[in-house]
Amino acid sequence: MLSALYGVADAQTTTKTNPSSDTSVGMQRQVNLSPQEQLAQADAFVARMGVTGASVRRMLEQARSQRDVVKTLCLNDKLNQIDVAIRSAQDRRGALEQATLRKDSDLANHEFTILTVLRQRVEQLNAEANQCIGEEAVLFGETKVTTTIDTNIPREDPSSYPENPIISIPPVIASPYK
């Protein structure tokens, strides 16, 4: 028991003293952009998110004109989520600017990280919107199925029963209570 506790404690101190042994897979990546670069990148994020929202809005209008209820409901849901993410990103961009003016780099990095996550979420919603209209194949190309038949497989059907099966009768057990 003591060795198990020591092993856990040792593993925890190893990660703290040796950052190269950190096993978190990019979850806490440090942002190496200056505050001005973060603001410029944030503006690009918000602009790109707006373009994505406009694209999904056009798809929704087209689905409505085709009177396709399923596509309309799906696209409307995705567009609502994109609009919420855009509004949140605009608020976070303002908070990033305020943090930059106060020279609070920790808060600025935090706001920039949230903006990055919102951008990724909008990209995901855009992919889901493309699935709503059935255009996911456009992204990956057409599917091609290739079938190879093994020539060593017997041609007769092994699932059929033989005509004269060997049937053995189970042995009779004598009861001691006769």
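In which crossing, left-handed or right-handed, does α2 pass α4? The crossing is left-handed. A crossing takes this name if the near helix is turned anticlockwise from the far one by less than a right angle, and is right-handed if clockwise. The structure is a predicted model, in which local features need pLDDT of at least 70, side-chain atom pairs count only at pLDDT 80 or more, and totals for chains, interfaces and linings use all residues. Residues are numbered from 1 along each chain as its sequence is written, and side-chain values use heavy atoms, with hydrogens and water left out.

The chain has five helices and zero strands. Along the sequence the pattern reads α-α-α-α-α. Helices (H or I, at least four residues) and strands (E, at least two) are DSSP runs, numbered from the N terminus. The chain holds 178 residues, of which 23% count as buried. Buried means under 20% relative accessible area, exposed means over 50%, and partly exposed lies in between (1.4 Å probe, protein chains only).

The axes of α2 and α4 come within 10 Å and cross at roughly 20°. Axes are lines fitted to C-alpha atoms, for helices over the stretch in contact, and angles run from 0 to 180 degrees between N-to-C directions. The angle makes α2 roughly parallel to α4. Angles under 35 degrees count as roughly parallel, over 145 as roughly antiparallel, 65 to 115 as roughly perpendicular and the rest as oblique.

Helix α2 also packs with α3, at an angle of about 165°. Their axes are 9 Å apart. Therefore α2 is roughly antiparallel to α3. The crossing of α2 with α3 is left-handed. This contact contains 16 nonpolar, nine polar and seven charged residues. Here Ala, Val, Leu, Ile, Met, Phe, Trp, Tyr, Cys and Pro count as nonpolar, Asp, Glu, Lys and Arg as charged, and the others, Gly among them, as polar.

Helix α3 (residues 69-101) packs with α4 at an angle of about 165°. The axes of α3 and α4 lie 9 Å apart. These two helices are therefore roughly antiparallel to each other. Helices α3 and α4 meet in a left-handed crossing. Their contact has 18 nonpolar residues, five polar and seven charged.

Side chains were considered next. A search of the whole structure finds one aromatic pair. Phe45 and Phe112 form this pair, which is stacked, at 5.8 Å centre to centre and 25° between the planes. Rings of Phe, Tyr and Trp (its six-membered ring) pair if their centres lie within 6.5 Å; planes under 30 degrees apart count as stacked, over 60 as edge-to-face and the rest as tilted. The pair links distant parts of the chain. Phe45 belongs to helix α2 (residues 35-65) and Phe112 to helix α4 (residues 105-132), 67 residues apart. Both Phe45 and Phe112 are buried. Arg119 lies over the face of Phe45, 4.7 Å from the ring centre. A charge sits over a ring if NZ of Lys or CZ of Arg is within 6 Å of the ring centre and within 35 degrees of the ring normal.

The loops hold two residues with a positive phi. Arg67 is placed in the loop between α2 and α3. Its phi is positive, about 55°, although Arg67 is not a glycine. Arg67 is exposed, with a relative accessible area of 73%. Lys103 sits in the loop between α3 and α4. Lys103 has a positive phi of about 60° and is not a glycine either. With 73% relative accessibility, Lys103 counts as exposed.

Some C-alpha distances complete the picture. Ser34 lies in the loop between α1 (2-17) and α2. At 31% relative accessibility, Ser34 is partly exposed. Ser34 and Thr100 are 66 residues apart in sequence, and their C-alpha atoms are 9.5 Å apart in space. Leu79 is in helix α3. Leu79 is buried, at 6% relative accessibility. From Leu79 to Leu60 the C-alpha distance is 8.2 Å, across 19 residues in sequence. Ala95 also lies in helix α3. Ala95 counts as partly exposed, at 25% relative accessibility. The C-alpha atoms of Ala95 and His110 are separated by 9.9 Å, and the two residues are 15 apart along the chain.
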